[in-house]
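Trainee: Could you take a close look with me at one part of this model? I would like to follow a single side chain and its surroundings.

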Amino acid sequence: MKITLLCDSLLLKKSLESYLHGHIVSSKYAELIICDRFLNSKKPTLLVGHTKKADLRVPFTKAELFWALEEYYLKMLETEIALSSKEQMKPFIEKLNKKHHNKIAKLARQIS
């Protein structure tokens, strides 16, 4: 997954950079933006902060970050997939969930 970080907090930005090393790209190529403020962007945005509206609440661990990314990614897929019925969608989402879960687990092993 290609990610851009747009954080006002330098500490948060450095923490995310260390956790997501190798997946950070410029916003032009990003599939997801992680930020600590509300953005008006066409790209999917994962909000990190202290508010209840945050997708990932501070403080967080590396594992919590990866789980939040996985959950957010799956939500994006569910909203983008336009299949005729839930029964048709279920096997497709399960397949994507397994594939994405394996990628995140591999990433977690590489970073550890």
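Is Phe60 buried or exposed, and what is its relative accessible area?

Mentor: Happy to! Keep in mind that this is a predicted model. Phe60 has a relative accessible area of 14%, and because the cut-off for buried is under 20%, Phe60 counts as buried.

Now for its ring. The model holds 1 aromatic pair. Its partners are Tyr19 and Phe60, arranged edge-to-face, with 6.3 Å from centre to centre and 65° between the planes. The two residues are 41 apart in the chain, so the pair links distant parts of it: Tyr19 belongs to helix H1 (residues 10-19), while Phe60 lies in the loop between strand E4 (56-57) and helix H2 (62-80).

Phe60 has another link to follow, through Leu16. Setting aside neighbours within four places in sequence, Leu16 is in contact with Phe60, and also with Leu5, Cys7, Ile24, Ile34 and Leu65. Leu16 also stands out in the largest nonpolar core, which has 20 residues: together with Leu20, Ile34 and Leu69, Leu16 touches the most other members. Among the elements giving two or more residues to this core are H1, strand E2 (32-35) and helix H3 (86-111). H2 supplies the largest share, 6 residues.

For Cys7, the nearest cysteine sulfur is that of Cys35, 7.0 Å away, whereas a disulfide needs the sulfur atoms within 2.5 Å. Cys7 is buried at 13% relative accessible area, and Cys35 is buried at 1%.

Conventions. Residues numbered from 1 in each chain as written. Predicted model: local features only at pLDDT ≥ 70, side-chain atom pairs only at ≥ 80, totals over all residues. Heavy atoms only, no water. Phe/Tyr/Trp six-rings, centres within 6.5 Å; stacked < 30°, edge-to-face > 60°. Helix = DSSP H or I, 4+ residues; strand = E, 2+ residues; numbered from the N terminus. Buried < 20%, exposed > 50% of the residue type's maximum accessible area, 1.4 Å probe, protein only. Core = buried A, V, L, I, M, F, W, Y, C linked by side-chain atoms within 4.5 Å. Contact = heavy atoms within 4.5 Å.
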